[in-house]
Every structure is written in C-alpha cells, then in structure tokens.
Amino acid sequence: MKIFTAEQIYAADRFTIEKQQITSDVLMERAATQIYEWMNSRLQGAQVKIHLFCGIGNNGGDGVALARQLHENGYSIEVYVVNYSDKRSKDFLLNLDRLKERKLWPEFLDSGCDFPELGRKDIIVDAVFGIGLNRNPDAWVLKLINYLNTSSAFILSIDIPSGLFMERVPENRDDIIRANHVLSFQAPKLSFFLPQTGIYINQWELLDIGLDDEYLFKTETVYELIGKPEVLPMYMPRLKFSHKGNYGHSFIIGGSYGKIGAVQLAAKACLEIGSGLLTTYVPECGYIPMQTSLPEAMVIVDDEDEKITTINFDLKPTVVGIGMGMGTHKITIKAFSEFLKTNTAPLVIDADGLNILSGTPELLNRLPNQTVLTPHPKELERLLGKWRDDFDKLDRAKAFSKKYDCILIIKGAHTIVIYNGKGYVNSTGNPGMATAGSGDVLAGMITGLIAQGYNSLDASVFGVYLHGLSGDLSVSESGYEAVTASKLIDNIGKAFLELFRRPEQEQHIEEKN
Ligand SMILES: NC(=O)C1=CN([C@@H]2O[C@H](COP(=O)(O)OP(=O)(O)OC[C@H]3O[C@@H](n4cnc5c(N)ncnc54)[C@H](O)[C@@H]3O)[C@@H](O)[C@H]2O)[C@@H](O)CC1
Ligand SMILES: Nc1ncnc2c1ncn2[C@@H]1O[C@H](COP(=O)(O)OP(=O)(O)O)[C@@H](O)[C@H]1O
Ligand SMILES: [K+]
C-alpha cells in the first residue's frame with residue numbers, strides 16, 4: 001500500500017474533484033460520513049457526550065461536518081472551534097454555516113479562554129490540525145493539546161493526531177495529541193510507522209473517501225507499506241522435479257566463544273525458510289554444538305578455538321551470511337577484510353560484520369552490489385552517524401544505500417528496507433520480538449531466501465515480512481513475553497501457510513455455494 005506525501009494527497013484531491021466533477025466540499029462530506037458511520041456502528045446511539053475540537057482548516061471542516069451528522073442522528077455533541085488563525089478554509093466556513101443553519105452554535109476557543117470540562121467517559125474528536133500543519137502551533141493551542149491529553153476521555157483523531165507533522169518530528173514531544181484511535185483518509189501516513197512519531201498513535205484505520213483510483217495507482221511514492229498483497233507475488237513456488245541443488249547453498253560465517261548460538265539460530269532459520277544446502281563456518285569450539293544441534297548443516301571450522309582468524313573454505317556458496325556473534329577482534333577484522341577481497345557471492349551482513357564495517361568504512365567499497373545490511377538502531381547509528389530525527393535517519397539511509405549500492409534494513413517495530421531511493425515499511429511483527437537472537441533469525445532467513453533465487457531486495461522485503469509474521473504467530477501461541485528467537489524459527493513454516501490462508505469469511509461463502 002502506498003504511503004503518500006501531503007503534496008500527493010492534495011494533488012489526489014484536485015485530480016478527484018476534476019475527474020468526478022464534484023466540488024471540494026463533497027469530499028469533506030464523504031470524509032465526515034465515513035467517520036460518522038464508523039462511530040455510529042460502535043456507539044449504536046449511546047448518549048455519551050462527544051466533544052468535537054475543530055480547527056479552521058479542512059481538518060476542522062471535517063470535524064464540523066461530522067458534528068452536524070452526529071447531531072442529526074441524535075447524538076449529544078459539543079462543538080468547539082479552535083480559532084488559531086483567521087485564514088479559515090472555504091469548506092470549513094461552508095460547514096460552519098450549515099451547522100448554524102441548524103441552530104447549533106459552537107463555542108469559539110482562543111488564547112484567553114478557559115477550556116471546557118471533559119468527563120472521564122466522554123469522547124473527544126480531535127479535528128484541530130490535519131496534514132496541513134506546517135509550523136509550530138501557538139502556545140495556547142499547545143496548552144489545549146496538553147489539556148486534552150491529560151483528560152481520561154477517549155480521543156479519536158481525524159486523519160492524523162493534531163500536532164504531528166507529515167515530514168518532521170516536533171521539537172517538543174508533549175505537543176501532540178495522544179490518540180486512542182486515528183481514522184485516516186485513504187492512505188496511511190509515514191509518521192505512523194516511525195519510532196519517534198508512531199508513539200502518538202495507539203491504533204489507526206483507513207477510511208475510503210473515494211479518491212481517484214487512477215491517480216492512486218499511477219502515482220509513484222517513496223514509501224510503501226508492505227502487507228500480504230505486496231509479498232504474495234514475490235513467492236516462488238517449489239517445483240515438482242526440483243532437487244536440493246535448485247535451492248542454493250547458503251554459507252553462514254560467524255560465532256565466537258560464548259556466541260555460537262547466534263550462528264545456530266541463523267543457520268536453523270536459513271534451513272527452515274528453504275535453503276537447499278547449508279554450510280557454517282565457525283571457530284573450532286563451535287564444531288560440536290553445531291553438529292549436534294543442527295544435523296542438516298555441514299560445518300567448517302577455523303584453526304583457532306575461540307574466534308575466526310582466517311576464512312578458508314573450498315565451496316562455491318550461492319550466498320553468504322556473515323557476522324552473527326563473530327566478535328570484532330583484530331584478527332577477525334583481518335579475516336573479514338581478506339574474505340571481502342575475493343568474495344563474489346551475494347552477501348548478507350549482520351551484527352559484528354556491521355560493527356567491523358563501521359569501524360573500517362573503507363571495506364564498504366568491497367561489498368558486492370546489493371549487499372544486504374541488517375542493522376539494529378545502535379548498529380545503524382555507527383554506520384550513518386547521529387541523525388537529527390527519524391525523517392533525517394531515513395534520508396541518510398537512502399543516501400548511504402545509494403553510495404554503496406547496498407540494501408539497508410532499518411530494524412525496529414516497523415522495519416524499513418531501504419534501496420534505490422525507496423523505503424518498504426513492514427507491517428508485521430510485535431514487541432514480543434524484542435528478544436535475544438531475533439535479529440540472527442532474520443539474517444538467516446534473508447540468506448536462505450537469496451539461496452533459493454530470490455533477488456536480494458525481494459529476499460529482504462519478503463524475509464522481513466515473514467519474520468514479523470512468525471513473531472505474530474508465536475505471540476498467538478504463547479503471549480508476548482514468552483516469544484524467543486527459537487519460537488520464531490519454529491513458526492516460519494506456519495508463516496508460509498498463513499500467507500496462503502484465505503480469510504474465514506471467504507471460505508464460508510464458497511462452502512455455501
Ligand atoms: N484527500 C483527503 O485526504 C481529504 C482531506 N480532508 C481534510 O483536510 C485536511 C487538510 O486540511 P488543510 O490543508 O486545510 O490543513 P489543516 O486542516 O491540517 O489545517 C492547517 C491549516 O492551518 C494552517 N496552519 C498550519 N500550521 C499552522 C499553525 N501552526 N498555526 C496556525 N495555522 C496553521 C495551514 O496553512 C492550513 O491551512 C486533512 O488532514 C483532512 O482532515 C478532507 O476535508 C477531505 C479530503
Ligand atoms: N517492538 C518490536 N516490534 C516488532 N519487531 C521488533 C520489535 N523489537 C524488535 N523487533 C524485531 O526483532 C529483531 C531484533 O533484532 P536485533 O536487535 O538485531 O536482535 P539480536 O541482536 O538479539 O539478534 C529485528 O528484526 C526487529 O525488527
Ligand atoms: K486531527
């Protein structure tokens with residue numbers, strides 16, 4: 001699903017108005033109707049007090065139009081106009097008149113006034129600012145935002161929590177509405193998925209206001225939200241007459257004394273996702289653990305017992321995954337550097353492999369094209385330097401990925417795969433996955449997909465999606481706290497099955513037919 005910028009959404013508005021031969025207030029009315037129906041289906045006429053805080057732009061216009069619909073259907077409402085500017089939008093004014101025609105008189109709030117009392121069981125509709133916020137709100141408006149946040153009422157934000165910008169992080173983290181639920185129009189907004197801004201949103205949902213399909217389809221976006229429809233076409237079915245040689249030979253290099261488990265996890269995940277063959281390269285101390293825990297894997301050992309000192313092998317890997325638990329000893333850095341001089345296989349670099357790269361950046365020039373890097377936030381900072389905010393982080397990541405022609409996977413609650421100026425935002429996964437070794441599993445999964453013939457970008461996007469889905473399946477079995485990296489591996493197979501599971505409703509209809 002595409003993630004549009006504010007400019008693209010405004011352009012979609014204009015395009016739709018032109019093509020459907022409607023006036024702009026029709027779109028506003030559609031927006032209000034969608035929200036009304038959403039609320040009504042949940043409230044079922046309940047006489048709960050609904051406080052609508054409406055700005056003077058089109059987000060406020062949505063709120064005022066919604067107030068009218070709620071009133072006409074018997075709901076108990078209070079409307080407040082947050083009078084932050086005298087530049088009121090045309091459609092806001094039109095809807096304000098429609099409200100007044102029905103003898104509904106909103107209360108006008110400005111810098112001098114007291115804020116209304118809000119009950120614990122009331123509902124607040126936040127329609128102060130939408131995607132048009134382009135500078136810091138005045139102090140009294142911030143005070144109002146703070147006031148709403150401290151109330152215990154349920155906050156429903158229209159389109160986007162007020163105070164949240166589309167393309168930057170606000171300076172003061174308290175200046176944004178903390179929404180219980182966001183009803184966003186047509187497409188999700190990038191800020192919903194970034195750690196510094198996503199925290200203001202508890203849940204979000206999209207409402208279709210009928211923006212023109214052709215525009216939405218044809219317009220290219222930098223960011224895309226990756227769900228099932230996006231990954232399904234990537235899936236490569238296994239062929240009846242295929243053999244293990246068709247699914248590649250993965251080579252996983254890593255481990256050090258006390259950290260052989262990282263290689264075990266990556267290797268197991270790599271096999272579980274379908275790699276045809278797998279060889280691991282570990283220090284001598286890893287030989288017995290590897291051979292006993294993973295009989296399917298072949299093992300080559302370093303001359304040294306506790307760490308990797310040379311990377312000598314006699315096989316032609318389809319893909320190499322390197323770095324998990326490897327350590328950053330001087331001699332290991334040398335071995336890694338020598339390996340990069342001769343390696344031509346596609347690479348997936350994780351953990352200490354990344355730390356070595358950030359300590360020895362000249363090695364970045366030795367990476368094959370489309371090398372996959374899988375940093376967690378700290379490793380990413382070592383690679384990119386300190387960023388100003390999450391939007392700056394994405395810009396730096398895009399520049400880095402372009403400079404070294406690498407695929408940069410920014411891991412987190414919504415992992416973002418960066419390549420070729422684009423960002424693929426993952427939709428699966430959960431906080432249960434914040435647990436030791438889950439990154440090793442991801443690196444192994446991506447390695448195993450490349451082995452099977454997926455290109456490195458598809459392997460990254462698909463691998464990240466399946467990894468999160470395995471996490472979601474693990475949570476449904478054992479709750480958040482008990483998710484472990486090993487459980488993620490155990491659920492890779494179920495994640496594949498889940499990809500092809502049809503929604504129950506659909507199955508039911510078919511059975512009836
Ligand atoms: N295609 C869509 O998605 C549609 C969007 N609509 C609504 O329109 C909203 C966008 O409306 P607007 O562009 O009018 O913008 P907003 O309603 O977000 O309001 C901001 C307005 O105030 C000004 N402003 C920005 N920051 C300010 C500040 N700190 N202090 C004072 N004034 C400030 C801006 O110039 C802008 O006109 C959307 O979020 C959505 O709610 C709907 O009305 C219908 C269609
Ligand atoms: N809150 C979260 N929600 C969803 N996924 C998460 C969350 N926290 C961590 N993850 C995922 O778990 C993995 C953690 O990777 P990493 O920190 O490298 O773990 P490790 O070093 O222990 O292997 C990443 O893929 C990340 O996206
Ligand atoms: K809002």
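Reply: Begin with the elements: helices (H or I, at least four residues) and strands (E, at least two) are DSSP runs, numbered from the N terminus. Residues are numbered from 1 along each chain as its sequence is written, while chains are lettered from A and ligands numbered from 1 in the order in which they are written. This is a predicted model, in which local features need pLDDT of at least 70, side-chain atom pairs count only at pLDDT 80 or more, and totals for chains, interfaces and linings use all residues.

Me: Where does Q21 lie, and is Q21 buried or exposed?

Reply: Q21 sits in the loop between helix 1 and helix 2. A residue is buried if 20 or more other C-beta atoms lie within 10 Å of its own, exposed if 12 or fewer, and partly exposed in between, with C-beta atoms placed from the backbone. Q21 has 7 other C-beta atoms within 10 Å and is therefore exposed. Its phi is near 50°, a positive value in a residue other than glycine.

Me: What is the phi of K103?

Reply: K103 is not a glycine, yet its phi is positive, about 60°. K103 belongs to the loop between helix 4 (90-101) and strand 4 (107-109). With 7 C-beta neighbours inside 10 Å, K103 counts as exposed.

Me: How should I read strand pairing, and which strands pair with strand 9?

Reply: Two strands pair if DSSP finds at least two bridges between them. Strand 1 (residues 2-3) and strand 9 (residues 223-226) run antiparallel, joined by 2 bridges; I3 has Y223 as its bridge partner in strand 9. Strand 9 also pairs with strand 18 (residues 422-426), in the parallel sense over 4 bridges, and E224 is bridged to Y424 of strand 18.

Me: Which strand pairs with strand 6?

Reply: Strand 5 (residues 123-127) pairs with strand 6 in the parallel sense, over 4 bridges. V125 has L156 as its bridge partner in strand 6. Of the 5 residues of strand 6 (residues 154-158), 4 are buried, so this strand is largely enclosed by the rest of the structure.

Me: How do I check the length of a helix, and what span should helix 14 have?

Reply: The expected span is 1.5 Å times one less than the number of residues. For the 14 residues of helix 14 (residues 390-403) that gives 20 Å, and the end C-alpha atoms are 20 Å apart, which agrees.

Me: Which residues of helix 14 are buried?

Reply: D390, K393, L394, A397 and S401 are buried in helix 14. They cover an arc of only 95° around the axis, which puts them on the same side of helix 14; the arc is that of the directions from the helix axis to the C-beta atoms. The face turned away from this buried side carries the exposed residues D395 and K403.

Me: How many residues surround ligand 1, and how many surround ligand 2?

Reply: A residue is near a molecule if its C-beta atom, placed from the backbone, lies within 6 Å of it. Ligand 1 is surrounded by 31 residues, the closest being G57, N58, N59, G130 and G132. Helix 3 gives the most to this shell, with 5 residues. Ligand 2 is surrounded by 17 residues, the closest being H376, G429, P431, A434 and G439. Helix 15 (residues 438-451) gives the most to the shell around ligand 2, with 4 residues.
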